[in-house]
Amino acid sequence: MSVDINKNIFAVRQRIAEAALRAGRNVSEIKLMAVTKTHELDFIKDAFSLVDLIGENRVQEALNKFKDYKLNLDLHLIGHLQANKARKAVEIFNSIDSIDSIEIAERVNKIACELNKVMNILIEVNTSGEVNKTGAEPDKFFELLDKVIELKNLKLNGLMTVGPISQDEKIIRKAFEMLRNFAERASERTGLELKDLDLSMGMSNDFELAILEGANIVRIGSLIFGARDYSK
Ligand SMILES: *Cc1c(COP(=O)(O)O)cnc(C)c1O
């Protein structure tokens with residue numbers, strides 16, 4: 001199997017530009033995150049200079065892959081974080097985009113404090129209502145937000161969600177719209193400027209809908225690197 005990463009990224013950028021045009025938005029405000037889970041460093045390297053951010057789902061995998069790699073990568077954790085992995089996560093990621101509970105927020109804050117740093121985070125919300133999805137439940141969002149704002153070693157840069165598994169565009173857009181609404185209300189509640197709150201939403205099969213609903217980070221794996229092999 002041969003995968004042309006350059007060509008794939010170019011095609012994704014093209015589709016992002018078209019979606020931005022449809023949405024009446026400026027394409028320069030939309031960042032492309034390459035999601036590199038399950039792929040080896042040698043294979044994904046070509047993407048680094050062509051995308052804006054790198055997303056990994058697991059702390060240990062990211063550590064194995066990137067610990068000796070010193071090129072300036074803006075590496076984000078996008079998978080669920082377990083408390084016992086929090087220290088390593090704070091050490092290697094530039095941002096933890098999957099903060100989904102008060103407990104994990106407090107833990108990350110404490111570790112960041114010990115390491116004398118301010119950790120960039122996003123709050124992840126389960127906008128789909130699917131029980132097996134990660135992210136804070138919508139009715140817990142404001143409580144979590146208020147806590148995150150109090151924690152001095154966390155810097156809230158926005159919100160993240162994973163769209164519902166559905167063929168129905170309306171259902172998918174509704175979830176993304178919910179995240180945008182949460183960002184608007186979070187801005188009013190905290191005084192953070194809306195333009196300073198990223199909306200990380202949209203993956204290979206729904207990123208155009210996410211852009212129509214205001215996404216400014218789209219997380220793309222398979223359209224760039226091909227299908228993943230989880231058996232490895
Ligand atoms: C795997 C993953 C992606 C990328 O998925 P693709 O469908 O391959 O683009 C994006 N976001 C999260 C949270 C993921 O786990």
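## Terms and model

A residue is called buried when its relative accessible area is under 20%, exposed when that area is over 50%, and partly exposed in between. The structure described here is a predicted model.

Side chains of opposite charge can pair when their charged atoms come close. The structure holds 16 salt bridges. One of them joins Arg 15 to Glu 208, with 2.9 Å between the closest N and O atoms. Arg 15 belongs to helix α1 (residues 5-23) and Glu 208 to helix α8 (residues 207-212), so this pair ties together parts that are 193 residues apart in sequence.

Arg 15 has a relative accessibility of 31% and therefore counts as partly exposed.

## Salt bridges within a helix

Two further pairs each lie within one helix. In helix α5 (residues 102-114), Glu 114 and Lys 110 are four residues apart, which means that about one helical turn separates them. Their closest N and O atoms are 3.4 Å apart, and the two residues form a salt bridge. Glu 114 is partly exposed at 44% relative accessibility, and Lys 110 is partly exposed at 48%.

In helix α6 (residues 141-150), Lys 147 and Glu 150 are three residues apart, so they too are separated by about one helical turn. The salt bridge between Lys 147 and Glu 150 has its closest N and O atoms at 3.3 Å. Lys 147 is partly exposed, with a relative accessible area of 21%.

## A network of charged residues

Salt bridges can also be linked to one another. Arg 173, Arg 180, Glu 184 and Glu 213 form such a network.

## The largest pocket

The largest pocket contains about 740 Å³ of space. It is lined by 31 residues, and those closest to its centre are Lys 133, Val 162, Gly 163, Met 203 and Asn 205. At least two lining residues come from each of α7 (169-190), α8 and β8 (217-220). By class, the lining has 11 nonpolar, 12 polar and eight charged residues.

## The second largest pocket

The second largest pocket has a volume of about 340 Å³. Its lining consists of 14 residues, with Asn 57, Arg 58, Val 59, Gly 79 and His 80 nearest the centre. Helix α3 (residues 59-66) supplies the largest share of this lining, namely three residues. The lining is made up of four nonpolar, six polar and four charged residues.

Conventions
Residues numbered from 1 in each chain as written. Predicted model: local features only at pLDDT ≥ 70, side-chain atom pairs only at ≥ 80, totals over all residues. Heavy atoms only, no water. Salt bridge = Lys/Arg side-chain N within 4 Å of Asp/Glu carboxyl O. Buried < 20%, exposed > 50% of the residue type's maximum accessible area, 1.4 Å probe, protein only. 1 Å grid on protein atoms, 1.4 Å probe; cavity = no way out; pocket = protein on both sides within 12 Å on 5 of 7 lines; lining within 4 Å. Points joined across faces, edges and corners; volume = space filled by probe spheres on them. Nonpolar A, V, L, I, M, F, W, Y, C, P; charged D, E, K, R; others polar.
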